[in-house]
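Happy to go through this one with you.

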Amino acid sequence: MDIPKTYDPSLVEDKWYKYWMEHKFFKSVPDEREPYTIVIPPPNVTGVLHMGHMLNNTIQDILIRRARMLGKNACWVPGTDHASIATEAKVVHMLRERGIKKSDLSREDFMKYAWEWKEKYGGIILEQLKKLGASCDWDRTSFTMDKGYYNDVINVFIDLYNKGYIYRGLRMVNWDPVAKTAVSDEEVIFKQVNSKLVYVKYKVASPPDSYRDHPKEGLSTAQTSGGPTGEAIPPLGGGGAYLVVATVRAETIMGDVAVAVHPDDERYKHLHGKKVIVPLVNRAVPVITDEGIDREFGTGCLKVTPAHDIVDYEIGLKNNLPVIDTLNEDGTISAAGQVFVGMDRFAARKAAMKKLEEDGLIEKMEDYSHQVGHSERTDAVIEPRLSMQWFLKMKDISKPALDAVLNGEVNIIPNKFINTYKHWMENVRDWCLSRQLWWGQRIPAWYDADGNYVVAKTEQEAISKFEIQNSKFKIGELKQDEDVLDTWASSWLWPISVFDGMENPDNADIKYYYPTNDLITAPEILFFWVARMIIAGYEYRGEKPFTNVYLTGIVRDKLGRKMSKSLGNSPDPLELITKYSADGVRVGMLLCSPAGNDLPFDEAHCEQGRNFANKIWNAFRLIKGWRPHPLPLSPVRTDVHPGGKGEGSFETPAKNIMAIDWFAAKLSAEIENINDLYSKYRISEALMASYKLMWDDFCAWYLEMIKPAPSNSPEGGGQAPSDSPEGGEKQPSKFFIDAYTYNSTIEFFEELLKVLHPFMPFITEELWHLIGERDEKDCIMVAEWPEAITSDPGILKRFEALMDSIIQVRNVRNERNISPKDALELYIRIPENPVSKSFEPLMMKMCNLSAIHYTNDKVENAASFISNNIDFFIPLAGRINIEDEKAKLQKDIDYNKGFLKSVQSKLSNERFVANAKPEVVDSERKKEADALSKIKTLEEQLEMLMK
C-alpha cells in the first residue's frame with residue numbers, strides 16, 4: 001500500500017466527514033441500547049464560529065464519540081437560538097443598507113425580512129461546526145422559532161400565567177437604549193468606567209430661622225471643599241444657603257423629586273421637611289430622610305430620581321414621590337426634562353455640567369472610577385428605567401432546581417460553582433420576560449380599547465374570554481401585545497422541546513433520551529440558561545433535564561484578556577483549522593483546558609497538535625515499512641514454546657517478547673486511567689494521558705525496543721531471501737520482523753487509534769483504513785472502545801527501573817559527548833539473577849552496549865550512577881579527559897553540598913519542623929537523604945579518578 005510521506009489533512013477531513021454523513025453514523029433513533037444524549041447549547045443564528053464555540057463543541061464531540069465507541073446510542077442534538085436582540089439588530093442594519101427604516105414597515109413586513117436574513121445567514125455556524133468534526137445528528141437540527149417550538153413557548157407562557165406565576169406590572173428594569181428593549185440582570189455586563197463625580201449646589205428654598213444663630217451646624221459659611229464632611233456652603237446671591245449633592249449623572253438632575261439624607265446625620269437634621277431648588281429646572285423638592293443613605297459617600301446627600309435608579313425608585317415608593325421620566329427609549333432627553341430635549345444622554349451630561357458651572361452651581365469635581373452596566377448584546381450603557389413589563393415570579397418555581405443541585409441530583413463540574421448557583425437561586429429576582437422587539441415569540445396577551453387584557457393563544461380565544469368577563473369592547477379594536485418574550489424564555493425549554501416533549505409528552509424520543517446526560521456550557525450562563533432549564537425540567541417533566549453540567553473556562557489570550565473581535569485578539573477558527581488541521585486545533589484547545597478554569601490560548605498549542613498528528617503518521621509509516629519475515633511464520637514465543645522455535649517458524653526475539661508484554665500492561669493500565677479521568681470529566685488530563693501513551697510509551701520506547709535492523713546488516717542476520725520465486729538478483733535492504741511482533745504492534749496501534757479517536761477523529765479514521773482492508777461500515781468511529789485487560793502488575797515497575805537505567809546510560813553519553821554509534825560496556829554491581837539477565841537484550845539494544853558484566857566491586861576510571869539503589873559503571877578509559885571529568889565532578893559535589901546545607905538549615909529550624917505539615921517535613925528529610933547519597937557517590941567517583 002502506498003502511504004504518502006506526509007500527512008495532508010486537506011485530503012482527509014472533508015472525505016471522511018462526507019463518508020460519515022453518507023453512512024448515517026451520526027444518526028440516532030431509540031433502540032435497546034443505553035442512550036447517551038447531549039443537547040448543544042444553541043448558538044445564536046447571528047453567530048459565526050469563535051474560540052469559545054471551538055472549545056465547547058470539541059468537548060461535546062469528544063464525549064459523544066467516546067459514548068458511541070462504548071456501545072451507547074449516542075445522540076447529539078444541534079440547533080440554533082433566534083437571539084431576539086442580536087438578530088433584530090442585524091435585520092435593522094440590513095434594512096438600513098437597503099434604505100429602509102424599521103419604523104416604515106408593518107410588523108408582518110419586518111418579519112418577512114427577518115426570516116429572509118435568517119435563511120441566508122442563520123445556519124452558517126452549524127456548517128462551520130462540521131469543519132471541526134462535530135458529529136451531531138443533523139436530522140434533528142432545531143431552531144427556537146420553529147413552528148412546534150414556537151407553540152411550546154406560547155403554551156408555557158399561558159400555563160404559567162394561569163398558575164399565577166406570570167404577572168404584568170410597572171417595574172424598574174434594565175433598559176438597552178440601542179436595542180430599545182428591557183434586558184435581564186444576567187444580560188448586563190459590568191465594566192469599570194472612569195467618570196467625574198460632580199458636587200452640585202442645591203439652593204435651600206426656606207433657610208431655617210436658626211441659620212444665623214448656628215453658622216457651623218449643617219449650613220455654615222465654612223464649606224469651601226465639600227466632600228464627606230457635609231459642611232454647608234456660604235450664602236450666594238440673595239443670601240441663600242445650599243446643600244451639596246455628589247453625582248456622576250448630571251443629565252438626570254431634571255428628574256430629581258427630592259434630596260434624601262440619613263435621619264441621624266446631625267449635619268442635616270435642621271433641614272428635615274424643608275425644600276431645596278433643583279438646578280437647571282428650578283423645581284422645589286423636599287428634603288427627606290432614609291436610613292439607607294450612606295453618610296460617608298459624597299456629602300451624605302442623595303438626589304432622588306425615581307425614574308432612573310432602582311434605589312431612588314424604592315425611596316420614591318416609600319415616600320409617595322412623583323416620577324419624572326427624563327429619558328426617551330433611545331437614551332435621548334425627553335420633553336419632561338425641560339432642557340436639553342432631544343439631546344443624547346451623554347451629550348446632555350456635558351451640557352448640564354457646563355450650564356451648572358456657568359451658573360456657579362458646581363463646587364468641585366473629582367475623578368471617580370466605578371462599575372457601570374453594559375448590555376451584553378449591544379454594549380450600550382444600561383439605563384434603569386421604569387417600564388410596564390411581564391414578569392415571572394421566581395421564588396417558588398425555582399426551589400426544586402436549587403434542591404436538585406444541593407442534593408447532587410444534578411452535578412455541577414467543577415463543584416466550586418455550586419456556591420455561586422446557590423447564591424443566585426436563594427436571592428433570585430422575578431424574571432422580566434418581555435422584550436420590546438418584533439423578532440421572537442409574541443406575547444399571547446390581548447388588549448381592548450380600555451387597556452384591559454386577557455392571556456390567550458389566539459384572538460378568538462381572547463374574544464371568548466372578554467365576553468365571559470362582560471367587557472365592553474369592539475372586536476375590531478382588540479390588539480395583541482406588541483412585545484416578544486425574552487430569548488431565554490424559549491431556550492429554557494431546549495432539552496424538552498427538541499424531543500417534542502411539550503406537545504407530545506409521552507412520545508418515544510422524549511421517553512428514551514430525556515433526561516439527557518451531559519450539558520457542556522460556559523459559567524456565565526449558569527443562572528439564566530442552565531438554572532432555568534432545570535426549573536423548566538421539574539415544572540414540566542417532573543425531573544431533571546440533565547445529570548451533569550460541565551462548565552468550560554473562558555478562552556483568553558496570552559495576556560489574560562478575553563478573546564473578542566473588538567480587541568482583535570481572537571484568531572479565526574477556520575483559518576486555524578486550515579493551518580493546523582481540525583485534529584491539531586482540537587488537541588491544541590484541550591491541552592490546557594481544565595474544567596471551569598480559563599484557557600490561556602496560544603497558537604503554539606495548535607502547532608503542537610499538528611506535530612502530534614505528524615508523529616502518529618510517521619509512526620504508522622515506520623511500522624508499515626517493516627516486512628513480516630518471508631519464511632513460513634507462526635506466532636512463536638519462547639515462554640510458550642520451549643526452545644523458542646516451531647518447525648518452519650521464525651523465532652520471536654526475547655527482547656520483543658518483553659517489550660510486547662510490557663506495552664500490553666502499560667496500555668491496559670492507561671486505559672483504566674483514561675476511563676477514570678473521563679468519569680471525573682478531567683478531559684484535558686485524559687487527552688494528555690493519551691498523548692503521552694502514544695508519543696512517549698509507544699513511539700519513544702516500544703517502537704525503539706522492537707524496531708528491526710536492516711535485513712542485510714549483521715544484527716538483521718545477513719542478506720534476506722530474495723522476493724523472487726526463482727531466487728533472482730539481490731533485493732535492497734528490508735526491515736524484516738517476526739509475525740508475532742508485527743501483528744502485536746499493529747494491534748497496539750489500532751487500540752491507540754481508538755483511544756485517540758474522540759480527540760482526533762480525522763487522522764485516526766484515515767489510519768484505521770490504511771492499516772488494511774475494511775468493510776464499508778468498519779469505521780473507527782463505531783469501533784469498540786478498548787478494554788483494560790488483567791496483566792502482571794509487576795512488569796510495569798520492573799520496566800520503570802529498566803527505563804531509568806537506560807536514560808542514565810544515555811545521559812552519560814550526552815554529558816561526555818560519546819557518540820551513540822560507539823558501543824559501551826556496562827558493569828552492574830549486583831549478583832547476576834534471572835530478572836537482571838532477562839533485561840540484557842533490551843539494555844544492549846537501547847543503550848548500544850557491547851557487553852554487560854556483573855561485579856561485586858567498584859569499577860575504576862568509570863562513570864557511575866545509581867538507579868533503584870543499584871550501582872552502574874561505564875568504563876571511560878580513553879573516552880574522556882580525566883582532568884575535565886575531575887573538575888566536573890568537583891563542581892557537582894559543591895553544588896549538592898550547597899543544596900544539602902539549605903535543606904539541613906530548614907530541618908534544624910525547630911519552628912519550621914514544629915509548624916510545617918508532616919508531609920512537607922518528610923519531603924525535606926528525603927531531599928537530605930538523597931543529597932547525602934549523591935554526594936557520597938560523586939566523591940567515590942572522584943576518588944577513583946584520583947588514583
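Q: By class, how many nonpolar, polar and charged residues does the lining of the second largest cavity have?
A: This is a predicted model, and in it that lining has three nonpolar, two polar and four charged residues. Asp, Glu, Lys and Arg count as charged, and the lining includes Glu 187, Arg 377, Arg 435 and Asp 486. Ser 84 and Thr 487 are also among the lining residues. About 50 Å³ of space lies in this cavity, and helix H3 (residues 84-97) gives the largest share of its lining, three residues.

Q: What makes the lining of the largest cavity nonpolar by class?
A: Its lining has 11 nonpolar residues, with no polar and no charged ones. Val, Leu, Ile, Phe, Trp and Ala count as nonpolar, and the lining is made up of Val 153, Val 156, Phe 157, Leu 160, Ile 166, Leu 392, Trp 431, Leu 433, Leu 485, Ala 489 and Trp 492. Helix H6 (residues 147-162) gives the most, with four residues. About 80 Å³ of space lies in this cavity, and a search of the whole structure finds four cavities of 30 Å³ or more.

Q: Why is Ile 124 called partly exposed?
A: Its relative accessible area is 31%. Buried means under 20% and exposed over 50%, so Ile 124 falls in between and is partly exposed.

How values were computed. Residues are numbered from 1 along each chain as its sequence is written. This is a predicted model: local features need pLDDT of at least 70, side-chain atom pairs count only at pLDDT 80 or more; totals for chains, interfaces and linings use all residues. Side-chain values use heavy atoms; hydrogens and water are left out. On a 1 Å grid over the protein atoms alone, a cavity is a set of points where a 1.4 Å probe fits but cannot get out, and a pocket is an open set with protein on both sides within 12 Å along at least five of seven lines; lining residues have an atom within 4 Å of a point. Grid points are joined across faces, edges and corners, and a volume is the space filled by probe spheres set on the points. Helices (H or I, at least four residues) and strands (E, at least two) are DSSP runs, numbered from the N terminus. Buried means under 20% relative accessible area, exposed over 50%, partly exposed in between (1.4 Å probe, protein chains only).
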